[in-house]
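These are my notebook entries on one protein model. I record what I looked up, entry by entry.

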Amino acid sequence: MAARSIFRAVSLCRRNIAFIAGSSRTQSIFTKYREPPNGFLFNEKPLKPGEKRQWEEWEEPWYRWWALILVVIPVMFYYKPDTKPQTWARKQALRIVAERDAAYEAAAARGEVVEEEEAGDVVINWKPLM
């Protein structure tokens, strides 16, 4: 059993060594379609003095869209509506308080006796957002 596992390990090592020794950069599947490296970044030769680099067809839309995205997204986040539940609850509480105050003022103006009503089991517990 041990001899069998050792034989298998040796055969696998032989196979790997043969694969590594036989493979090189020139034996790639893309060798036929790829230009050989010439030592320049992105295979572009340096420009002569006074010469301008011509953009490829994908570069202009790429840079324009990125510029647009980098301007529009922050503006959209800045003007995003406030949809937090705390904001909604605060507006509702202020509306209820304003309605009660208006009813109290109207009853006091008519000369009616107004008693402070109990809030019951409703507890409005909120902190100012500022």
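In what order do the elements of the protein run from the N terminus on? I found the order α-α-α. I counted three helices and zero strands; helices (H or I, at least four residues) and strands (E, at least two) are DSSP runs, numbered from the N terminus.

**Entry on the model.** I note that this is a predicted model, in which local features need pLDDT of at least 70 and side-chain atom pairs count only at pLDDT 80 or more, while totals for chains, interfaces and linings use all residues. Residues are numbered from 1 along each chain as its sequence is written, and side-chain values use heavy atoms, with hydrogens and water left out.

Buried means under 20% relative accessible area, exposed over 50%, and partly exposed in between (1.4 Å probe, protein chains only). The protein exposes about 13400 Å², of which carbon and sulfur atoms supply 63%; such areas come from the Shrake-Rupley method with a 1.4 Å probe, and for residues only the protein chains shown count as cover.

**Entry on the annotation.** I read in the unreviewed UniProt entry that residues 62–79 are annotated as "transmembrane region". UniProt positions are given in the numbering used here, feature names are shortened, and annotations may be inferred rather than shown by experiment. In the model, this span is 94% helix and 0% strand, and its end C-alpha atoms lie 26 Å apart.

**Entry on aromatic pairs.** Rings of Phe, Tyr and Trp (its six-membered ring) pair if their centres lie within 6.5 Å; planes under 30 degrees apart count as stacked, over 60 as edge-to-face and the rest as tilted. One of the pairs joins tryptophan 55 and tyrosine 63, and it is tilted, at 5.3 Å centre to centre with 50° between the planes. Tryptophan 62 and tryptophan 66 form an edge-to-face pair, at 5.9 Å centre to centre with 65° between the planes. Both tryptophans lie in helix 2 (residues 59–78), four residues apart, which is about one turn of the helix. Tryptophan 62 is partly exposed at 45% relative accessible area, and tryptophan 66 is partly exposed at 40%.

**Entry on helix 3.** Helix 3 (residues 85–110) has 26 residues and reaches 38 Å from its first C-alpha to its last. This is close to the expected 38 Å, a span defined as 1.5 Å times one less than the number of residues. I list its buried residues as Thr87, Ala93 and Ala107. Glycine 111 follows the helix, and its phi is positive, near 90°.

**Entry on salt bridges.** How many salt bridges does a search of the whole structure find? I found four, each being a side-chain nitrogen of Lys or Arg within 4 Å of a carboxyl oxygen of Asp or Glu. Arginine 53 forms one with glutamate 44, the closest N and O atoms being 3.4 Å apart, and another with glutamate 59, at 3.1 Å. Is glutamate 59 buried or exposed? I found glutamate 59 buried, because its relative accessibility is 5%. Within helix 3, glutamate 99 and arginine 95 lie four residues apart, about one turn; their closest N and O atoms are 2.8 Å apart in a salt bridge. Elsewhere, salt bridges that share partners join Glu44, Arg53 and Glu59 into one network.
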